[in-house]
Amino acid sequence: EQIEKGGFDHFMLKEIYEQPNAISDTFRGRMLPEKGIIRMAGVDNNIERISNAKRIIIVACGTSWHAGLVAEYIFEELARIPVEVEYASEFRYRNPIISEKDVVIAISQSGETADTMAAIQLAREKGAFVFGVCNVVGSSISRETHAGAYTHAGPEIGVASTKAFTTQITVLTLMALKLAKHMGTISNSDFQMHLQELERIPDKVQKALNSDEHIRKIADIYKDATNCLYLGRGFNFPVALEGALKLKEISYIHAEGYPAAEMKHGPIALIDEQMPVVVIATRKGYYEKVVSNIQEIKSRKGKIIAIVTDGDTEVRELADHVIEVPETMESMSPLLTTIPLQLLSYHIAVMLGKNVDQPRNLAKSVTVE
Ligand code: G6P
């Protein structure tokens, strides 16, 4: 097992560090910038069916559901197709309105999650075209869907999902860009810019990983917190949910993710000097609005840990701690902002002596209802 961990203390940490490679493995061979195309067999072979969708419905559970929420922002922005994101467990029991005009995307790392599987069967019965995004090759979901794309993240052993999440977002970004190109909702130059930026993401993830030691020090300050709030907006709202989930899963600290502007409708009541609030405040994406949210937290004496863009000065003046990530396009920022949140929960869990790779009561793949 020590050998499998490749010198890391835990699989989770190894998998966090594998993300630069995992993301390039996901896009390798698919992006052909010199030809101005993206090649994905599962999409290519069904391009008319998918691009004519009246609606895309994404079904998933857990972290994969969060990747689906990020994809909602990406698909709507790039391909201008309306997207709904559903918990597979809710979708399957709701007698959902769905027809052959819909495309369902099922996201699952393991490809074995029972609720997601049942949602797929239901969607198929109703005539929808079902596309799978799985990591495990040959898994049940990859076999039950009409077409799909693998994430190629390599085996994920840690129960708390890390590289599966960022590679799911990568695959879904490629798919959205491909559809956008086909449908003419993106200009050629914008398409090329996206491809070029995606190629730079592995290096930028590597840079984000360089904050590890700084994050460990922050973890040491907040490890005894009993609650933690995560805030983000736009593309980074789902990242706030995912950050909170990571902390809950492995450290057993109660954490909630919220869209930053919703804070005033409830969570703000919880803020006092004991409350750490993790805020994603990267320069694009409603920056000024998030800064004013940070001011509201500060005036209530909450402790602010802000994820900011390299070189940020405005938030630095307000926050108790800042963690920098490289600048990127807004739609790709979840691939970077997620990294410090994974590391923060990892270090807190290790400091609390928790079983990071196999947290209590959780399973890597949930094959029962
Ligand atoms: C379990 C795992 C999570 C995962 C979720 C969905 O709860 O502990 O890490 O996100 O299942 O799994 P899937 O394999 O369908 O992505």
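Mentor: Let us begin with the words for direction: angles under 35 degrees count as roughly parallel, over 145 as roughly antiparallel, 65 to 115 as roughly perpendicular, and the rest as oblique. The axes are lines fitted to C-alpha atoms, for helices over the stretch in contact, and the angles run from 0 to 180 degrees between N-to-C directions. Helices are DSSP runs of H or I with at least four residues, numbered from the N terminus. This is a predicted model, in which local features need pLDDT of at least 70 and side-chain atom pairs count only at pLDDT 80 or more, while totals for chains, interfaces and linings use all residues. Residues are numbered from 1 along each chain as its sequence is written.

Trainee: How do H5 and H12 cross, and at roughly what angle?

Mentor: Two packed helices are described by the angle between their axes and the distance between the axes. Here helix H5 (residues 62-79) and helix H12 (residues 237-251) have axes that come within 9 Å and cross at roughly 165°, and H5 and H12 are therefore roughly antiparallel to each other.

Trainee: Which residues of H5 and H12 meet?

Mentor: Two residues are in contact if their C-beta atoms, placed from the backbone, lie within 7 Å. From H5 come Thr63, His66, Leu69 and Val70, and they meet Pro238, Leu241, Glu242 and Leu245 in H12.

Trainee: What span should H5 have, and how far apart are its end C-alpha atoms?

Mentor: The expected span of a helix is 1.5 Å times one less than its number of residues. The 18 residues of H5 should therefore span 26 Å, and the end C-alpha atoms are 25 Å apart, which agrees. Just after H5, Arg80 takes a positive phi of about 55°.

Trainee: Which way do H10 and H15 run relative to each other?

Mentor: The axes of helix H10 (residues 188-209) and helix H15 (residues 334-351) come within 9 Å and cross at roughly 25°, which makes H10 roughly parallel to H15. Their contact is made by Ile201, Lys204, Val205, Ala208 and Leu209 of H10 with Leu335, Leu336, Ile339 and Pro340 of H15.

Trainee: At what angle do H11 and H15 pack?

Mentor: Helix H11 (residues 212-222) packs with H15 at an angle of about 50°, their axes being 8 Å apart, and H11 and H15 are therefore oblique to each other. Among the residues in this contact are Ile215 and Ala219 of H11, and Leu344 and Ile348 of H15.

Methods
Helix = DSSP H or I, 4+ residues; strand = E, 2+ residues; numbered from the N terminus.
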